[in-house]
Amino acid sequence: WGSVGAGGGGVPGSSVCGAPLVSEHFSQSPQKLSFYSWYGSARLFRFRVPPDTVLLRWLLQVSRGSGPACASVEITVYFRYGAPPVINPLGTSFPANSSVQSPFFIKMLDSNASLNISHPAAGDWFVAAHLPTASQKIEVKGFVPTCAYVFQPDMLVVRTVEVSILEPDIPLPQTLLSHPSYLKIFIPEYTQELQLELQGCVANGSLGCPVRLTVGAATLPRNFQKVFMCVSPTGACRLLLPSPPWDRWLQVTAKSLAGPRVLVAFQVVAALTACRPWNLNFQHLPQSSLNESCNASTGLLPPRPADHGDHGLGGSSRRHGGPCCLTSYPVIREDLDVVSVRFWPVDRVWVQVRPTTPSVMRLYMDTGMDSGGSLTVSLRANKTGITNSTLVAVCVNAASPFLGFRTSLNCTTAFFQGSPLTLSAASHKADLIIPYPETDNWYLSLQLVCPESPEECEQASVLVETTLTLVPCLNDCGPYGQCVLLRRHSYLYAGCSCKAGWRGWSCTDNSTAQTVAQQRVAALLLTLSNLMFLAPIAVSVHRSLLVEASVYAYTMFFSTFYHACDQPGEAVLCILGYDTLQYCDFLGSGVSIWVTILCMARLKAAQKHVLFLLGTLIFAMSLQLDRRGAWNMMGPCLFAFVVMVTMWVYRCGHRRHCYPTSWQRWAFYLLPGISMAALGIAIYTSMMTSDNYYYTHSLWHVLLAGSAACLLPPREEHTKPWACSQKLTCHYQICKNHREDLYTVT
């Protein structure tokens, strides 16, 4: 569409001599992009466009590293006005009754790009970017080379400093030559219609009106700007806008379609049609008094705001649209938590819906911090009030309510497409979910209609129960998801991280989900596979390696219960906090490898136990720094391997033959243990994916425990490990270690 374009070049307007335009530049700190797996993978930026902006230019810059793993990738960038963009790169389904618009996005390689938006709406604009969809492979951090892609958007705005104020019912003369003319009119609250008209249009002294009028500001992903031109030189040139956005300035741009030296003169006239609201007080009113009050002539327009008093927007300049055009229900806003709000009518539970005027509830969501959740609307009608020929029409709109139920049910206002709902005798309930609602005042409009027999609606009324909430995540992401609160500077928004193959905005897409039986099998595999550590525990106890047996028992215990807690859905058991169990599992795995390798080195007892303790402390520190770093575990293990090799080489040189000396030891213990360890490392580092994790990681448990059982050194045959040399009369024994040659190996 015409107001958006991509490309480079200078800033239009900055080179026009004498044009009343100024440029401003806004920037934010860059962010490292990630491959997309859920909404938290996208990097969000929030900008604020100032009022009276005529051109918005996004300058998109991408830089990447220089390593061998850095290749050109496609980057997707989304844009949206008023709220974070609702994106769906994975093509998953949204929850039922969701109102979702297709996002506006561009794709770019790792290079610079730009995007122009003419006459953008003032307020919050959001930019989100991510790399292509993430692969299913689970990569060990620090083991596989990665590439950093850094994204930074800059915002360049061109705004006008001379704007003509268009007052209602007062003609505003305008003259166009080469530059457009910028106007704006303030739309007060309870405005039912806005009519713009061009009068006395003359081009170079002759009749004709080569003028294009653009009303409203551009928004994304959908643009509701109104553009009209006068075709007939003598006919009326009018634009009628029902339900324009309330309590804000409306931009109007006039541009000449004639040649650059053709002078065009005309007048712009704006007429506002006022809507008389019937505002219910806090006390309950009899149902019969509602129509009487609305039909009386005592209904008053709301007072004009003090800050708008100089713009000629008083009641005298507005056309009254009849006795009553809506019934306004006051609403209480209750802030419960971060991005968690509840709305309900004052002093009442039910909203009375009648056929004469719409019942309107305003939801105050213009704080700037309410767009990071999901707006949920739940309606339930009284069954006794709805007949087969009656229908409750409902519209949910932003900026202004929908009031034209008598002519249409499409919920379309001047600059917004609302979400329609219906309540009937066949369906007494209706629900609506709006992910990431725009920052604005939202309106719920309800009216009773009778499409087949309008006379039946004259005296009818229906009570509708409303449940209006703003939640971070719908249903807290369900049993197979986790609601995660995300942050960009001071802005907070929420997203769902799904598990067990469930996907979607609220983890409701079960197209790739695991069944309950599959979840239980996965949980049993990951937990029961740790019982393989009973083998090294038994071998250690038999060979009097009690410290090693304790480490293996610790690893088996915490690995079992960590994986029991790590499961999604129903097969979950957490005896401690998840973070505690994960830390203990990682610590036990690393220390198990450490003590196994040092035990194979056959050091003296004092040296071995000192290294055991130091290694455990080093593992505890490194895992606290970075729990998933590959070198935090591989570094100490490589040091232990160097110690073992050094001791073996020393014994080979000292004894003049290979160490260990027995070929049976090599054939039946060392080679199988080394093979299992190598296969386990290969599986752990390069073969695990999200789909086969339950099987490959269980196999990793088996191989790790099996290799430890095979690699543990044998017990000395000629010397008892803990012989008792003296027996005291008090029945205590003094134990002495008689081992002299600690390097004897069979």
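The points below go from the whole chain to single side chains.

1. Please keep in mind that this is a predicted model. The average pLDDT is 83, and 86% of the residues reach at least 70. Residues 1-18 fall below 50, although the model still gives this stretch 38 contacts beyond near neighbours in sequence. Residues 295-318 also stay under 50, with 43 contacts beyond four places in sequence.

2. On the overall fold, the protein has 9 helices and 38 strands. Of its 746 residues, 49% count as buried. Among contacts with a separation of 6 or more, 77% are between residues 24 or more positions apart.

3. An unreviewed UniProt entry lists residues 631-650 and 666-687 under "transmembrane region". In the model, residues 631-650 are 100% helix, with the end C-alpha atoms 28 Å apart. Residues 666-687 are likewise 100% helix, and their end C-alpha atoms are 28 Å apart.

4. There is a nonpolar surface patch of about 380 Å², made by Leu 524, Leu 528, Leu 531 and Leu 534. Of these, Leu 524 sits in helix α2, which covers residues 516-528.

5. The model has 14 salt bridges. One of them pairs Asp 124 with Arg 48 at 2.9 Å, N to O. This pair links strand β10 with strand β5, the two residues being 76 residues apart. Arg 48 is exposed, at 55%.

6. Asp 52 and Lys 184 form another salt bridge, at 3.6 Å from N to O. Asp 52 lies in the loop between β5 and β6 and Lys 184 in strand β14, so this bridge ties together parts 132 residues apart in sequence. Lys 184 is buried, with a relative accessible area of 16%.

7. Glu 334 and Arg 342 also make a salt bridge, with the closest N and O atoms 2.5 Å apart. Glu 334 is partly exposed at 27% relative accessible area, and Arg 342 is partly exposed at 37%. Elsewhere, salt bridges with shared partners join Arg 46, Arg 48 and Asp 124 into one network.

8. Finally, a look at Ser 41, in the loop between β4 and β5. Ser 41 is buried, with 6% relative accessible area. Beyond its neighbours within four places in sequence, Ser 41 contacts Ser 34, Phe 35, Tyr 36 and His 130.

Methods
Residues are numbered from 1 along each chain as its sequence is written. This is a predicted model: local features need pLDDT of at least 70, side-chain atom pairs count only at pLDDT 80 or more; totals for chains, interfaces and linings use all residues. Side-chain values use heavy atoms; hydrogens and water are left out. Patches are made of residues with over 30% relative accessible area and no salt bridge: like charges are joined within 9 Å, nonpolar side chains (Val, Leu, Ile, Met, Phe, Trp, Tyr) within 5 Å. Accessible areas come from the Shrake-Rupley method with a 1.4 Å probe; for residues, only the protein chains shown count as cover. A salt bridge is a side-chain nitrogen of Lys or Arg within 4 Å of a carboxyl oxygen of Asp or Glu. Helices (H or I, at least four residues) and strands (E, at least two) are DSSP runs, numbered from the N terminus. UniProt positions are given in the numbering used here, feature names are shortened, and annotations may be inferred rather than shown by experiment. pLDDT is the predictor's confidence in each residue, from 0 to 100. Contact means heavy atoms within 4.5 Å. Buried means under 20% relative accessible area, exposed over 50%, partly exposed in between (1.4 Å probe, protein chains only).
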